[in-house]
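Please keep the structure open while you go through them.

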Amino acid sequence: MKLPAISLLSLCICCIPAIGQSFSATDFRPVSTLPPSAWEWLRDTASSSLDTSVQFNNRPTLRMSGFYPLTVVSGKAKSHEGKMNVSGHIRIDTLDGEVDIAVRLWESPVRKNSQHIAEFHCVLSKASPGQWQEFSLEAPLCRQAAAFDCEVKIKGTGDIHIGEMTVSFPSTVRAMTSKAKNTHRTYPGGSGVCLADPELSTEQVENLAVLGKVWGFLKYFHPTVREGRIDWDSELFRMIPTVCNAAPAERNSILAEWCRSLGDIQTSEDTAWTSSCDALRWIFDEYALGRELSAILRITAAAGRSPWSRYLYQVPYIQTIEDRNERSYPRMSFDDAGLKLLSVFRIWNYVQYFNPYRQLADRPWEEALMYAVQAVVQASDRDSYGNVLRAMAVYTDDSHSFAAYMPGGFLRQLIRLAAIPENMRYAAPFISTLYADGKYIVTWTCRSDTCDLHRGDAVIAINGKPVESLIEKNSHVIPSSNPGSIQRETALSISFSAGDSASYTVIRGKDILTLKPKMMPFKKFRRALYSSGIRQSTLTWFRGNELSPFDVIGDSVAYIHAEDISAHDFRKCLEYRRLIVDLRNYPMNMIQMWLMSLMPSTSPVALAVTPDFLKPGSFTRRISDFTGRGHNFSPDRRIVLLVDSRTQSASEYLAMQMQCSPQVTVVGSTTAGADGNVVQLSLPGDFVFQTGGAGIEYPDGSQCQRNGVRIDHIVPQKTEDLASGSDTQIEYALTLFQSPTADTSEAYFRRNRPSRPADT
């Protein structure tokens, strides 16, 4: 018989084992007879229960059934090093998805409002129904691990049984030991580093740059530092004054001795990769580093490393690397040279070893370090400090990158959001979201006075300066993958001004006008914009009318807007054999699943480029995803995708997914060229730095990053169409529907050749 689901406080494991012993997850007794420190099943009581009808070794099993059921064992870690082992037996009767067994390590037994410091997974997806199979998962322990959760979760729908699950620790407890000693003081609120002259000499900049590179290298490569046995921020603060004014030979000798003080390392058997890794090329430069320091760094690069890292966390499934457990220093002083340099070194080293797109940038990444070391030491306030971090984002040539001040706490966030930048105190009563033929097109206005701009006006100059000069100016301050991204980001800024007057030179019809609209305070303008109910990506006009998220053009062509379409409207579009999908926006999550149902069969979409956790600087490639199963597939349907510079990230990936079908044709202009996911680094002073996490390539290895997605028909927007309230790309899509179906199939085979088409 099956017992009903039991509440949290009535279902426990008998007792915590002694070190070297294990416990059984199916040996249950009432909680009243157990000590307070007992293991507990923390279960989703709606989907799991104790089952006496299915037994393992004559004991009842835990049955999990339903959609995304979850059960967790929690406890205190009982060892400071070695490997914790979770093992047992599992019976998978039905499964649509996979079973994920995970161990999470925590730095404190009190998990509320805290983030786990490490995570390890064992994924099971196949088994013979009714047959028991063993599973085992090892989780490397560390000094910081005080508690753990062992979670079993069905990622999908299933019916499984767990029998005789055990958790065991190393037979002895040994304290972490290392030859490295942290005898200096720590710096809880600041570094205590103050350089006498912020105007650094060329030699001082070089010294600090080398220190930052060695510090970051040891952080990710040396087992002692990587595992968090040393306060590594404090080590940097200690070394800055020592290294800054040294001669090159003395600097290299000091750094070599620093490396030796960290203790001996054991070299891995796999060392060949270090000599071919581009990110490690600098450690082979004996001219700059000296023979001794270069040799030590090469040995360290080849060290054997455990899956545990104090500062890094590998996101399951996605496999990107995130920084964890970094000290935030929220109350930093902007006179603190140590904290400012710490920010630069964190950014530079993370991008150097874990950004999949670093080598696609126009300039060597080392130039960013040399610039930032000098500039950040001279930064004297939050704005100038933030500008240095933002400049490092520009060096990545990636539209996904940015640096921003993001304070913690609700009140501080409100204050930040309420602050109005100096150059946005006033706004002209219009916005532009489109760039065409060297002109910005007005797409929305909130007034219609004679001196105001009208929808369709083409802005060619602001305060007498051509818009091309504005774009050129912004190219140095906006992180962008390609020129189209800069044009897109600049579009909204042309409305704003620091003063209460501005003049706009526009083309209206055949006339050239100079208009001086009455400027509005920023807050009033923002209220007018929000109250209108529009969003910048929904401003799609066609033949004088604004299109709805779902619309019908003529009698036979359905139009859907990927950001705003509803499930009800999507079902209506299935009635049409001709479909225009507007991806000139950021699509809502569900639209990806809906559109995949239109695909004819499952196909590989792209390659995911992910950093190697144990070999920083190296990357692996694997098939990232497959298209859908075609529940709503129709062999007669033809689909046109519309793309432009607003097509970025998830929108670009969705375009790549749909390109797998010969029924799909891509029309438009170059997309943003910023695909893949992102990670955020925490920095002193409540700043964050965002950059690329996992890269995305076409299955043949060609790049979407910076290039954009493959386009079958390049169709730039025309100013005259936009001025008349129409859309050049939609007009072109309608002409394609009038051509034979073979045109679409030909485009499919052209874009799926191994070599990249010349027109993209």
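1. At roughly what angle do the axes of helix α1 and helix α9 cross? The axes of α1 (residues 202-221) and α9 (residues 365-378) come within 9 Å and cross at roughly 120°, where axes are lines fitted to C-alpha atoms, for helices over the stretch in contact, and angles run from 0 to 180 degrees between N-to-C directions. Helices here are DSSP runs of H or I with at least four residues, strands are runs of E with at least two, and both are numbered from the N terminus.

2. Please bear in mind that this is a predicted model, in which local features need pLDDT of at least 70 and side-chain atom pairs count only at pLDDT 80 or more, while totals for chains, interfaces and linings use all residues. Residues are numbered from 1 along each chain as its sequence is written, and side-chain values use heavy atoms, with hydrogens and water left out.

3. The helices α1 and α9 are therefore oblique to each other, since angles under 35 degrees count as roughly parallel, over 145 as roughly antiparallel, 65 to 115 as roughly perpendicular and the rest as oblique. On the α1 side, V205, E206, L208, A209 and K213 meet E366, L369, M370, V373 and Q374 of α9, contact meaning heavy atoms within 4.5 Å.

4. Helix α1 also holds K219, which is buried with a relative accessible area of 2% (buried means under 20%, exposed over 50%, partly exposed in between, with a 1.4 Å probe and protein chains only). Leaving aside residues up to four places away in sequence, K219 touches V225, R226, W232, Y311, E326 and R346. K219 and one of these, Y311, are 92 residues apart in sequence and 8.0 Å apart in space, C-alpha to C-alpha.

5. Turning to the strands, an open antiparallel sheet of 3 strands runs in the order β19-β14-β22, two strands being paired if DSSP finds at least two bridges between them. Because β19 (496-497) and β22 (520-521) stand at the edges with a single partner strand each, one side of each is left without a neighbour in the sheet. Strand β14 (residues 426-427) pairs with β19 over 2 bridges, and Y426 stands opposite S497 in β19.

6. Another open antiparallel sheet has 3 strands in the order β29-β28-β34, and its neighbouring strands are turned by 30° against each other on average, direction ignored. Strand β28 (residues 607-611) pairs with β34 in the antiparallel sense over 3 bridges, and the bridge partner of L607 in β34 is E697.
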